[in-house]
Amino acid sequence: MHGEALAHAKYLAYATQAQQAGRTQAAQDFTNAAQTEHMDHFAREADLVGLGSDIAANLRDAINGEANETNSMYPGFAKQATADNDPAAASAFSEIGSDEAAHLKDFQAALNAVSNSGGGASVPAGAT
């Protein structure tokens, strides 16, 4: 499943590059392949393992991943980039870490809303 997800993302990036280079057919080929990797291959494999069958479990999984990216991974990358004297990478990693922190907050609010449906909490608009 990791391979299918990575292929999907790479092919979309390749499609953008091909489109920018004026290679419309190559861009369409990459886009079509990306859609197959995602909507057919990944989706079928996800169904086989029961991925995504419980919303609260999905949110807890997302929270764990976003917490790691927010608290450990991206700050570590930024620190290493600074040590390597690469301010552009350090800045990019810090910005990405901030984005991940926003996702974490949204997922935590969504889990609270799902877990306490009678408490008046609502899923925030950004939580997707």
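Which two helices have axes that come within 8 Å and cross at roughly 165°? Helix 1 (residues 2–20) and helix 2 (residues 24–49) do, and they open this set of close-ups. This is a predicted model, where local features need pLDDT of at least 70, side-chain atom pairs count only at pLDDT 80 or more, and totals for chains, interfaces and linings use all residues. Residues are numbered from 1 along each chain as its sequence is written, and side-chain values use heavy atoms, with hydrogens and water left out.

**View 1. Helix 1 crosses helix 2 at roughly 165°.** Helices here are DSSP runs (H or I, at least four residues), numbered from the N terminus. Their axes are lines fitted to C-alpha atoms over the stretch in contact, with angles from 0 to 180 degrees between N-to-C directions. Helix 1 and helix 2 are therefore roughly antiparallel (angles over 145 degrees). The crossing is left-handed, meaning the near helix is turned anticlockwise from the far one by less than a right angle. By class, the contact of helix 1 with helix 2 has 13 nonpolar, 7 polar and 3 charged residues. Nonpolar covers Ala, Val, Leu, Ile, Met, Phe, Trp, Tyr, Cys and Pro, charged covers Asp, Glu, Lys and Arg, and the others, Gly among them, are polar.

**View 2. Tyrosine 11 pairs with phenylalanine 30.** The structure holds 6 aromatic pairs (rings of Phe, Tyr and Trp, its six-membered ring, with centres within 6.5 Å; planes under 30 degrees apart are stacked, over 60 edge-to-face, the rest tilted). In this one the ring centres sit 6.2 Å apart with planes at 40°, so the pair is tilted. Tyrosine 11 belongs to helix 1 and phenylalanine 30 to helix 2, so the pair ties together parts 19 residues apart in sequence. Tyrosine 11, at 23% relative accessible area, is partly exposed (between buried, under 20%, and exposed, over 50%, with a 1.4 Å probe and protein chains only). Phenylalanine 30 is partly exposed too, at 29%. Ring pairs also bring in Tyr14, making a cluster of Tyr11, Tyr14 and Phe30.

**View 3. Phenylalanine 77 and phenylalanine 93 make another tilted pair.** Here it's 5.2 Å centre to centre, with 55° between the planes. Phenylalanine 77 is in helix 3 (residues 55–83) and phenylalanine 93 in helix 4, 16 residues apart. Phenylalanine 77 is partly exposed at 37% relative accessibility, as is phenylalanine 93 at 26%.

**View 4. Glutamine 108 sits in helix 4 (residues 87–115).** Its relative accessibility is 41%, so glutamine 108 counts as partly exposed. Leucine 59 is 49 residues from glutamine 108 in sequence, yet 7.6 Å away in space, C-alpha to C-alpha.

Conventions. Angles under 35 degrees count as roughly parallel, over 145 as roughly antiparallel, 65 to 115 as roughly perpendicular and the rest as oblique.
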